[in-house]
Structure formats: C-alpha cells, structure tokens
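Dear colleague,

Please find below the structure that I am handing over to you, followed by an account of what was found in it.

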Amino acid sequence: MDIKGDMLRKLKGRRDGYSLDRAFYIDPDYYRQDLESIWYKDWLFIGHDCEVPRAGNYFTVQVGDYPVVIVRDRQGTIRALHNSCRHRGSRVCSQHKGSSAKLVCPYHQWTYELDGTLLFARQMGEDFDKAAHSLKPIHCETVGGYIFINLSEQPMDFAPFRDMVAPYLAPHRLGETKVAFESTIIEKGNWKLVWENNRECYHCAANHPELCRTYPEAPTATGVQGAKDDPVIAAHWAKCEAAGLPSEFRMSETGQFRSARMPLIDDAESYTMSGARAVRRQLSADVSQKHIGTLLLFHYPSTWNHVLADHAITFRVLPLGPELTQVTTKWLVNKDAVEGVDYNLEELTHVWTETNDQDRQIVEENAFGIRSPAYQSGPYSPDHEGGVMQFVEWYCKFMEQRLQGEAAPLFRVA
C-alpha cells in the first residue's frame, strides 16, 4: 500500500480518545506527508513586525526544504521571499538577521531590490530578461504585530484568522514592541509530540514548579474543556470584557486557531517566581488594567502565545525532521523599556526558560518510548487532556481531507 493509503487507513481506523499510531511520530514518509499536506499549505507564524522595523531589515528562516527571507521594503511593506537566487539557486541571505540596502547574492553578486526585483546581473548577455528573474514571492500577511506566511500557490483565506484575533491583539500594540530576548531549542521528538505536550497541564505539577507558581493547572485553562462553566474564568472574562479587552473563548470552525484570556493564580500579574510584574513599563499604553491574566492565542501547526500586561511571550514551532523539532521563544516588551531599568532579563525569562527545557526533556523521553516496537496507542485522560484530544482531532481530520484531495474542511472538534 502506498504511504498516503497507509496513512488514510490508520487515520480512519484510529480509536477516538487515543494517541496516534507509532508511525505518525517516527516514520520519515509520514513526516514528508505532514510537510506536503500541512506545513507547505497552511498559514505559518514566522515572526513579528517589530523584528523588521525599518526598510532593509530582514531575518531568515527555514521551513522544511524552503529557505525564506522576511524583509521590509522601501514602501514599508513586509515581504516574504524565497531565499534562493534566480541564477543558480544559492541562498541570497545567509545570516539569521541583518540589514541591507539591497539583497545581494554572495555567489555571483546578483543584486535584488528589497521587494525582490532583480536590479543587476553581471554579463548575462543582450537577451537576458531581468524582469523574469526576480526572487519568487511568498504569500505574507500581518495581524496585530504577527507575520504569517503561506508557501502554497493558492493559500487558504487568511481573513477568518485575522477577523478573530485582531480585536484580541489590538489593545496590546505588539507592533510597537521589541524583542528583549530570543531562545531557540531543538527537541528530539516529532512536532506533534511537542504540541501534544503543550496542550495539557496533566504533567505540570510534577514537572513545572516554576510555571505552577502562576499558571493554573485546571484543565479549563485550555479553553476547550468547560472554561465557560468555570466561575473563576467566567468572572475574569466579564471583568476584562467590561474594561474593553476581548477575552471570551473563541475557536475557528476548523479548530485550527483560537483565543481566550485566562486568569493567573491568585491574581498574579506575570510569569515570575513571585507573580509580580517582570517589566515596570506597560507593554501597551492602551492596557492599564491590573490582573488581566494572559491572552492565549493558538494557531496550528506553528504557534502558541501568552500576552500579559507587562510583556508577551511567543512560541514558534518548526519541524526539522521526523523526530526533530525547533521551538523558538521570544519575549516582547515595550519598545521604550530599558534593560536593567525597567526589567531584569533573568527575572523576565526565568520561568519560561526553565519550562521550555523541562518540556524538551518530557518530549524527548516520550519520543524515546514511542520508538519501541512495543509501543501502542494509549488513552488520553478525559478530565485533563481535552486540549490534546482537540489537537489530535484537528490533525486527523485535516490529514484525511488533504490526503483524499479534498478542500480544507469546516467542522467543529470541541
């Protein structure tokens, strides 16, 4: 049986409420189908507006086989381009980030404008058509300070995501922030294991002592599992909504993205060991309320986020191989906040630096056990792992539809 047929058979035969078959976590051919069906077709969070504040600022990223460069052009537009020279394919921008008046390929000095237009190609003959050899564009959209790209030729509509999350993000003015710190770790496990671990706090008490000082372990904190019936959460939503901060849980019809504002423990203000603010200067001048908790924003397959009153923490997930995943975390603060005056970097980053490393170890141990031929799918906890079940249901439904060549479905999974 071909790989697509094999995957479809296992997806259709999967037992509800159970983890995936071993092949979905370790098989190179299954991983390739994930890339082709999801990562090369869906909108992916890639970075922030504030990372390219001026014309010529750029950063690079690798998505599967695709090298990508994000750059702000002279008109102020943020663009995504395939980072492959139209001469012989060399990477044009090899640094992680930088600034340049033009994009110049280091191999033969083909020179491109910031919008990708080819300006100069030395000694290519009289018949050479520069206009036909610009850098290839990638679909790029921004919302609330976030940059998303889509590698497909005909991308899914971005409007539903924009319409849902823009009101939640607008008060925080993340486009006017800066990255105070950035951390990238490599987890030796499949990207779906990274997400499954993220979508529950069943493991938190035993593994995340720093996070558990401020973040609730209650399964209702995922949003998909009885949040509206939790009186603490309902009261928090009502308070924040009355103050002009959209807060109630909303999820797309596909289950791919959602947002909600959740309270922290005992009215903690931030992710610190004491629960006090990590940054003295407000993240946004438009948000002066106290005890607003954390705005949770999720978009499968590439990002989860926490936006607080004093700072924001954003996470980007990118697959590197069948059992290798890159997780990049960025701490955003007010652009005028001064390190050593308004915040201490160790205090700002400590909780999530520790939590990320703990999660890395968890994912790697999970992956180690799944490699065993004795592994078989196990049951999720209905009381604690509703978020995991929702993610797995999204993945399975999307893969079924796409492996069968059907359009992206509209369905509810929670």
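Proline 167 counts as partly exposed because its relative accessibility is 38% (buried means under 20% relative accessible area, exposed over 50%, and partly exposed in between, with a 1.4 Å probe and protein chains only). This proline belongs to helix 4, residues 159-169 (helices are DSSP runs of H or I of at least four residues, strands are runs of E of at least two, and both are numbered from the N terminus). Not counting residues up to four places away in sequence, proline 167 touches Arg162 and Pro246 (contact means heavy atoms within 4.5 Å). Between proline 167 and aspartate 357 there are 190 residues in sequence and 32 Å in space, C-alpha to C-alpha.

The model is a predicted one, in which local features need pLDDT of at least 70 and side-chain atom pairs count only at pLDDT 80 or more, while totals for chains, interfaces and linings use all residues. Residues are numbered from 1 along each chain as its sequence is written, and side-chain values use heavy atoms, with hydrogens and water left out.

Helix 1 and its surroundings

Helix 1 covers residues 3-12, of which Asp6, Met7, Leu8 and Leu11 are buried. These buried residues pack against helix 2 (23-26), helix 3 (28-39) and helix 9 (386-403). Where helix 1 starts, a side-chain oxygen of aspartate 2 comes to within 3.3 Å of the backbone nitrogen of lysine 4 (a polar contact is a pair of N or O atoms within 3.5 Å; within protein, one must be able to donate a hydrogen and the other to accept it, and residues adjacent in sequence count only if both atoms are side-chain atoms).

The axes of helix 1 and helix 3 are 10 Å apart, and the packing angle is about 85° (axes are lines fitted to C-alpha atoms, for helices over the stretch in contact, and angles run from 0 to 180 degrees between N-to-C directions). Helix 1 is therefore roughly perpendicular to helix 3 (angles under 35 degrees count as roughly parallel, over 145 as roughly antiparallel, 65 to 115 as roughly perpendicular and the rest as oblique). Ile3, Lys4, Asp6, Met7 and Lys10 of helix 1 make the contact with Asp29, Tyr30, Gln33 and Asp34 of helix 3.

Arginine 14 sits in the loop between helix 1 and helix 2, and it counts as buried because its relative accessibility is 17%. Its side chain reaches the backbone oxygen of tyrosine 18 at 3.1 Å. Leaving out residues up to four places away in sequence, arginine 14 touches Leu20, Val392, Glu393 and Cys396.

Eight of the eight residues of helix 5 are buried. At the start of helix 5, a side-chain oxygen of asparagine 190 reaches to within 2.9 Å of the backbone nitrogen of lysine 192.

Helix 5 (residues 191-198) packs with helix 8 (residues 345-370) at an angle of about 125°, their axes being 10 Å apart. The two helices are therefore oblique to each other. On the helix 5 side the contact is made by Leu193, Val194 and Asn197, and on the helix 8 side by Asp359, Ile362, Val363, Asn366, Ala367 and Ile370.

Strand 11

Serine 183 lies in strand 11, residues 177-187. With a relative accessibility of 19%, serine 183 counts as buried. Apart from neighbours within four places in sequence, its contacts are Val327, Thr328, Thr329 and Trp331.

Yours sincerely
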